[in-house]
Amino acid sequence: MATNTLLYKNRKKAKIKRFLIAILFLLPAIVCFVVFKYIPTFQTLFYSFFRYNLMDPPGKFVGLRNYINAFKSEIFWTSFKNTLALYGWQLVLGFWVPIVQAICISELVRGKTLAKLAYLIPTGISGLAGLSIWKYIWEPEGGLANQFMSLFGLGPYQWYGDEALVKFCLRFPAILGGGGTVIILFVSILNISAELYEAAKIDGANAFQRIIHITLPGMKYTIFTMFILGLTGSLLAFDDVYMLTQGGPGYASYTVVLSIYRKAFQEQNWGMAMAMAWILCIITFAITAFVFWLQGRTEDEF
Amino acid sequence: MRAKNSIKFTPSERIVHFLATVLTIFYALMLFFPIYWCIITSMKDPVDALKEPPSFVPTTPYEYDIVLEYSADEWDGMDSVTFKKDANVITWTAFFNSANARMGICRVYAVVDGTVQASATLRKSTYNLRYTTIWDQNLELSAQSILERVEKAEELGCVKYKSVSKLPGTGNTSDITDLLTEKYQQSRDLIHGKVQSVSFRNNFWTFAENYIAAWEYPKSIGMEGGLPQALLNSLKISVGAVIGQWVVCGLAGYSLSKLMPKRWGRRALLAFFLTSMVPSTVTTVATYLTLQSLGLATSFWGVILPMLANASNMMLFKGFFDGIHKDLCDAARLDGCSDMSIFTRICLPLSKPIFVTIGLLAFPAGFGDFFWSMIILRDQSQFTVPLVSKVILQSSGSSASYTMMMAFGLIISVPSILMMILGQKDLNKGMNFSGLKG
């Protein structure tokens with residue numbers, strides 16, 4: 001009896017000790033997340049109601065004025081439309097490419113490793129180096145794109161300098177696909193149970209039917225995840241736009257993040273920048289929630 | 001019914017295999033094309049970069065040899081500075097008059113009574129970079145303007161001078177050399193020697209000109225340390241991010257997976273993961289203000305620290321540690337192993353793949369980080385590679401030629417590609433283990 005309680009006490013003691021170690025292990029992460037995620041998020045919300053003053057934070061309370069100004073600002077809405085249009089081009093040009101590529105790898109008889117490498121290595125080219133290659137290709141005078149078009153007697157086009165074409169040009173590289181997305185999709189194909197394929201074979205399905213009725217549905221969740229990630233990533237588009245066009249020509253490729261950046265770091269209008277950031281955040285949430293809801297509904301129909 | 005391991009394929013399968021092979025090869029070639037174009041362009045003379053029709057093989061710049069003749073009296077009465085000046089004037093005129101010629105390197109030889117006394121070397125790439133206005137403005141050629149520019153170029157160290165005793169083998173001559181000789185005669189009043197011959201030859205190694213220019217570029221925008229400094233700055237950030245994420249996310253992932261009671265672990269994970277729903281760009285301004293109050297708003301720590309709060313990498317760690325069987329830890333615990341030594345002696349040695357995977361994800365992200373670096377690092381000595389690229393990209397056409405841009409892009413891609421090739425095996429393992437299965 002005595003030994004039992006002792007054991008129990010010891011076990012409890014060990015449990016508490018383990019919990020303390022667990023907290024200790026979590027501590028760096030907790031500090032990082034609180035300081036760089038939680039505090040800034042609430043600060044953003046709080047300061048968005050102020051005309052923020054760097055010298056004397058948080059400055060003057062202005063209520064919803066920042067939000068109203070943001071909604072009234074025409075450039076802000078243009079930048080929203082542009083951001084969505086960029087995502088649209090991304091979907092049309094590039095969304096389906098990694099899926100096709102992943103299916104192709106899985107259908108290869110030999111050389112799968114080689115194919116994976118061929119898709120991975122080009123992403124090793126630093127993002128900025130990639131941008132400079134594309135800038136060179138789209139160069140209006142003597143760039144490869146215009147020289148190619150002139151073979152068909154078309155052009156010359158201004159590409160990045162053309163309001164109608166600039167968004168297409170910015171998202172065109174997506175048509176090449178490749179990169180980690182292909183590998184992730186490929187892994188998701190590997191995880192489809194082999195029994196399904198065998199059953200299909202027994203039922204006399206041909207290879208095309210097999211791809212359409214087993215492989216594609218099996219990849220559904222990964223594709224959905226990629227879709228969501230692409231959407232949020234696209235709403236935050238900044239690097240390429242800032243480097244290549246700086247929002248131009250005019251405001252044709254002005255994105256939301258670019259306008260937030262300009263508002264904050266160039267016009268020093270911090271309060272309004274944070275209000276715009278919250279609007280962006282809410283819209284991101286809303287779109288994500290909508291897509292999830294849509295997915296849930298289509299799920300029921302099956 | 002076909003046997004499972006039969007090698008025979010149905011016709012439809014054969015079609016699919018064929019299509020898959022063709023498409024894969026097609027896409028691989030397409031993906032490789034921009035890189036190929038980048039490499040080829042980096043080995044061209046800037047003049048050829050935008051030429052029609054485009055050349056798909058390297059067209060390296062030529063090496064020009066200009067021989068100046070001096071009389072013995074003249075040579076005895078002058079010092080090396082005068083010859084340097086002569087060389088400077090003559091090469092400047094050469095570069096100036098040959099905007100459409102593939103002129104990469106210009107060597108000027110001083111000949112006195114048939115023996116070679118000295119040579120001076122000028123590179124168009126350095127000339128271009130250090131003294132960009134030479135190419136931009138004032139195409140009017142007057143003696144005064146030439147001398148002014150020459151002095152400036154001299155100041156900036158564009159001329160390399162050494163004494164030699166041999167002439168190079170004669171190369172080709174062409175219309176352009178005739179034109180140049182003519183021009184030199186016109187600038188006779190500016191130089192002491194007499195132009196004896198102008199010739200050019202093809203030297204494969206002149207492809208390095210663009211790489212030299214890329215190497216020198218950061219200096220020309222005021223970074224004293226040059227490209228090594230920029231690379232070092234980027235390395236600081238990426239290595240800091242990798243090690244920081246190993247420590248912060250690794251410890252947290254282990255704690256969530258193996259130490260925390262299940263229920264609490266799940267709640268904590270949710271609390272961490274919720275933050276990734278708020279895009280980091282949204283909180284940029286507030287994070288900047290937080291960093292400012294911590295006094296980190298202009299230091300490298302200001303770039304590195306926010307990168308450490310990375311929920312998705314923490315998930316990868318947790319997923320991997322979940323894959324290490326619980327029995328293994330319990331057995332060790334029964335043998336009297338403490339929680340600490342279970343972590344260090346049992347779990348860590350098993351988790352090389354996940355550490356490599358996180359490293360391969362975090363390294364390029366840190367190396368190529370642009371948005372944060374641009375906000376935090378304002379001083380030119382702190383510029384990272386992406387910030388230099390930004391200057392290059394936005395100034396293209398004037399001081400930065402496309403050929404130099406491509407060379408720069410290749411140089412800065414080396415670290416990431418090396419890491420990717422070295423870690424490729426572990427990357428595969430890490431991805432398969434840590435719940436990235438979809």
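Which residues of H6(A) are buried? Buried residues have under 20% relative accessible area, exposed ones over 50%, and partly exposed ones lie in between (1.4 Å probe, protein chains only). By that criterion the buried residues of H6(A) are Leu128(A), Ala129(A), Gly130(A), Leu131(A), Ser132(A), Ile133(A), Trp134(A), Lys135(A), Tyr136(A) and Ile137(A). Helix H6 spans residues 127-137 of chain A and is mostly covered, with 10 of its 11 residues buried. Helices are DSSP runs (H or I, at least four residues), numbered from the N terminus.

This is a predicted model, in which local features need pLDDT of at least 70 and side-chain atom pairs count only at pLDDT 80 or more. Residues are numbered from 1 along each chain as its sequence is written, and chains are lettered from A in the order in which they are written.

In chain B, helix H11 (residues 284-294) is also mostly covered, 8 of its 11 residues being buried. Among them are Thr284(B), Val285(B), Tyr288(B) and Leu291(B). Gly295(B) follows H11(B) and has a positive phi, near 80°.

Back in chain A, the axes of helix H9 (residues 180-190) and helix H12 (residues 220-235) come within 9 Å and cross at roughly 155°. H9(A) is therefore roughly antiparallel to H12(A), a term for angles over 145 degrees. These axes are lines fitted to C-alpha atoms over the stretch in contact, with angles running from 0 to 180 degrees between N-to-C directions.

Helix H1 (residues 2-47) of chain A contains Ile30(A). Ile30(A) is partly exposed, at 32% relative accessible area.

Notes:
Heavy atoms only, no water. Helix = DSSP H or I, 4+ residues; strand = E, 2+ residues; numbered from the N terminus. Parallel < 35°, antiparallel > 145°, perpendicular 65-115°, else oblique.
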